[in-house]
Amino acid sequence: MSAEIAFVGDIHGNLSALRGLCNVLAARGGPHAIFLGDYINRGAQSAEVLEELLAYSGSGRATLLRGNHEAALLDALDTGDLTAFLKMGGAMTIRSYVGAKVGPDVLSDFRARFPREHLDRIRRMPENYESNDFIAQHTQPSASTSKFRVSAHVAVGKLPRIEPQSAQLDTGCGADDGRLTALLWPSLDYVQVDARGTIVTD
C-alpha cells in the first residue's frame, strides 16, 4: 500500500468524477484517502456517491469527514424542516433517493427512502482528521496551529489553493465545469479530474 495520503475536496453528487479520481489514486498505489465532506447536493447522483464512499470507507481505504451539506441533511431529517437543505441544492439529493416521482409529502418520501445505514454513517462521521503534521477538516482550521491545514468548503476556482502552511481543495465539483481535486501528502502534488471523471493536467 502507498505511504501517501490523498485529501479529496467537495464531490457534490458527481459519481463520474468520484470514480475517475479513485481510478487515478488506484494507479498511484491506492493511498489512504481522506474525503473532506460535501458528498451530496447539486449533482444528480448523491445517493450513488454516498453508497460508493461508504463502501470505500468500509474497506479501510478511506476516512470520511462530515461537511456542512451532510450536517444540513441531518438537521433537515431530524427537525422536519427542509428549508435550509433545499437552499443548498438538496432537491437533487432528494430526487436521487426518492426518484423522479416525488409525491406531495416530500419529507415523508425522503425519510422513507433514505437508507438507515447512510443516516447512521453520516452521524458517525468525524469533523476533522489530525496527525502530528497536519489537520484536515471541511472548513478551514484555525491558523493558530503550527500544523499544515487542509480544507475544502470555499470554492477557489479550477485549481486548488496551496500555500506553505495550508491548502484549500474545493474546485467546483458538482458543476458542469467543476473539477474534483486530490492533494497528495507529503509531496503537496495534486491530481484532478473533470466533471466526466477524465484526468486534467492544466
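Modeller: An open sheet of mixed pairing is formed by six strands, in the order 3-2-1-9-10-11. The model is predicted, so to speak of local features a pLDDT of at least 70 is needed, side-chain atom pairs count only at pLDDT 80 or more, and totals for chains, interfaces and linings use all residues. Residues are numbered from 1 along each chain as its sequence is written, and side-chain values use heavy atoms, with hydrogens and water left out. Strands (E, at least two residues) and helices (H or I, at least four) are DSSP runs numbered from the N terminus; two strands pair if DSSP finds at least two bridges between them.

The edges of this sheet are strand 3 (62-64) and strand 11 (199-200); each has a single partner strand, so one side of each lacks a neighbour in the sheet. Further in, strand 1 (residues 5-8) and strand 9 (residues 180-185) run antiparallel and are joined by four bridges. Here A6 stands opposite L184 of strand 9.

Helix 2 lies across strand 2 (32-35) and strand 3, and runs at about 130 degrees to strand 3. Such angles, from 0 to 180 degrees, are taken between N-to-C directions, with axes fitted as lines to C-alpha atoms, for helices over the stretch in contact. The geometry of F35 and Y56 is edge-to-face, at 6.0 Å centre to centre with 70 degrees between the planes. Rings of Phe, Tyr and Trp (its six-membered ring) pair if their centres lie within 6.5 Å; planes under 30 degrees apart are stacked, over 60 edge-to-face, and the rest tilted. F35 is buried, at 1% relative accessibility, and Y56 is buried as well, at 9%. Buried means under 20% relative accessible area, exposed over 50%, and partly exposed in between, with a 1.4 Å probe and protein chains only.

Strand 9 takes part in another pair: F148 lies in strand 6 (residues 148-151) and W185 in strand 9, so parts 37 residues apart in sequence are tied together. The ring centres of F148 and W185 are 5.4 Å apart and the planes stand at 45 degrees, so this pair is tilted. F148 and W185 are both buried.

Packed helices are described by the angle between their axes and the distance between the axes. For helix 2 (residues 46-58) and helix 7 (residues 116-124), the axes come within 11 Å and cross at roughly 65 degrees. In helix 2, A47, L50, E51, L54, S57 and G58 meet H118, R121 and I122 of helix 7, where contact means heavy atoms within 4.5 Å. A47 itself is buried, at 12% relative accessibility. Leaving aside residues up to four places away in sequence, A47 touches S96, Y97 and H118. The C-alpha atoms of A47 and T93 are separated by 6.9 Å, although these residues are 46 apart along the chain.
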